[in-house]
Every structure is written in C-alpha cells, then in structure tokens.
Amino acid sequence: MKFNHLSFPSSDVKATANFFVQHLGCSLEFISPAAAMLKRAGFDIVIEAKDHTVVWPHNFHLGFELPSVDAVSDLFQHLLAQGVTMKTGMFQHERGSRFFCEAPGGLLFEMNTRADAHEKYRASFERQALADAVK
C-alpha cells in the first residue's frame, strides 16, 4: 500500500499553494478558486477552499525532514526573511534539530533533521531507512 496524497482545507488556497511552491519545492499542477493540486516527489497535495477560518487540532502539523542541521538553519533563515509566521525559533531536540512555522491558512509545519538526534533514536531511524530501501 502506498501513501499517495494529502488533502486539507484552507481559507486561502492561492496563498497556501504558493507557500508549498515557493518554500517546499512543490510543483503546481492546477489551481482554481475551489482547489489546488501540487506534486512533490510523486506525492499529491490537494488544497480545498473553505469560506471560513480552518481550526486545526492542537499541535497538528506536517513534518519535513532535511539532511542536516545547516539545511534546517538555512531554511529557517530563508522563511524568516520571507516573512513566514514562525511559531518557534530553531532548537535542538532529542530527535534532532527543528523549528515550527505556519503556512497561510494556518497549517503548522515542523522542519527538522535527524542528523543530530540523540543516539537512543538513531537505531530506530536506521531500521526504518532499511525497511524503506527494501520496499
């Protein structure tokens, strides 16, 4: 079974889609007042228009993993300079350095790396990488 798409609502489809394209490396397949569809690495992202502010459950977020602490830091600085709403500064966590930001429409993102994760987590990361390679 393959996880192939994510669909979620936004009160500002155009701004939310632009966030994915400008900052997360997605390509825009189509956009209309009702919806947008984006692609990234064979994965579809569908943004559906809502005429009200979307209220997300506490701490609901999407996570993107970067290859290094420097890559996380560079993205943090880029998003900050672009005026993206930052929910935290960059911080070191036991599972790796990270920060949280908010896209237009209120969706929360965690940008992280596992490169500096504590040793106790590395074995599970390596097992998952091996399992993914077999698929």
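1. Leu28 counts as partly exposed, because its relative accessibility of 40% falls between the limits of under 20% for buried and over 50% for exposed. In this predicted model, Leu28 is part of strand S2, which covers residues 27-31, and it stands opposite Leu38 in strand S3. Together with Val21 and Ile31, Leu28 also forms a nonpolar patch on the surface, and the accessible area of these three residues together is about 210 Å².

2. The sheet to which S2 belongs deserves a description of its own. It is an open sheet of 4 strands in the order S1-S4-S3-S2, and its pairing is mixed. The edge strands are S1 (5-10) and S2, each of which pairs on one side only. On average, and with direction ignored, neighbouring strands of this sheet are turned by 20° against each other. Strands of a sheet pair through backbone hydrogen bonds, and the pairing may be either parallel or antiparallel. For S2 and S3 the arrangement is antiparallel, with 4 bridges joining the two strands.

3. Pro33 is found in the loop between S2 and S3, the latter strand spanning 35-40. Is Pro33 buried or exposed? With a relative accessibility of 77%, Pro33 counts as exposed, because the cut-off for that class is over 50%. If residues up to four places away in sequence are left aside, Pro33 touches Val13 and Ala49. As for Ser7, it is 26 residues from Pro33 in sequence, and the C-alpha to C-alpha separation of the two in space is 16 Å.

4. A search of the whole structure finds 5 salt bridges, and the points that follow take up some of these pairs. One of them is formed by the side chains of Glu102 and Lys87, with an N to O distance of 3.7 Å. Glu102 lies in strand S7 (residues 98-102), whereas Lys87 lies in the loop between strand S6 (85-86) and S7, so the pair ties together parts that are 15 residues apart in sequence. Glu102 is partly exposed at a relative accessible area of 24%, and Lys87 likewise counts as partly exposed, at 48% relative accessibility.

5. The side chains of Glu94 and Lys120 also meet in a salt bridge, with 3.8 Å from N to O. This pair links distant parts of the chain, since Glu94 is in the loop between S6 and S7 while Lys120 is in helix H3 (residues 119-134), and the two residues are 26 residues apart. Glu94 is partly exposed, with a relative accessible area of 28%, whereas Lys120, at 61%, is exposed.

6. A further salt bridge brings together the side chains of Glu110 and Arg98, for which the N to O distance is 2.3 Å.

Definitions and conventions: Residues numbered from 1 in each chain as written. Predicted model: local features only at pLDDT ≥ 70, side-chain atom pairs only at ≥ 80, totals over all residues. Heavy atoms only, no water. Patch = residues over 30% accessible without salt bridge, like charges linked within 9 Å, V, L, I, M, F, W, Y side chains within 5 Å. Areas by Shrake-Rupley, 256 points an atom, 1.4 Å probe, with all protein chains shown as cover. Salt bridge = Lys/Arg side-chain N within 4 Å of Asp/Glu carboxyl O. Buried < 20%, exposed > 50% of the residue type's maximum accessible area, 1.4 Å probe, protein only. Contact = heavy atoms within 4.5 Å. Pairing = 2+ DSSP bridges. Axes fitted to C-alpha atoms, helices over the stretch in contact; angles between N-to-C directions.
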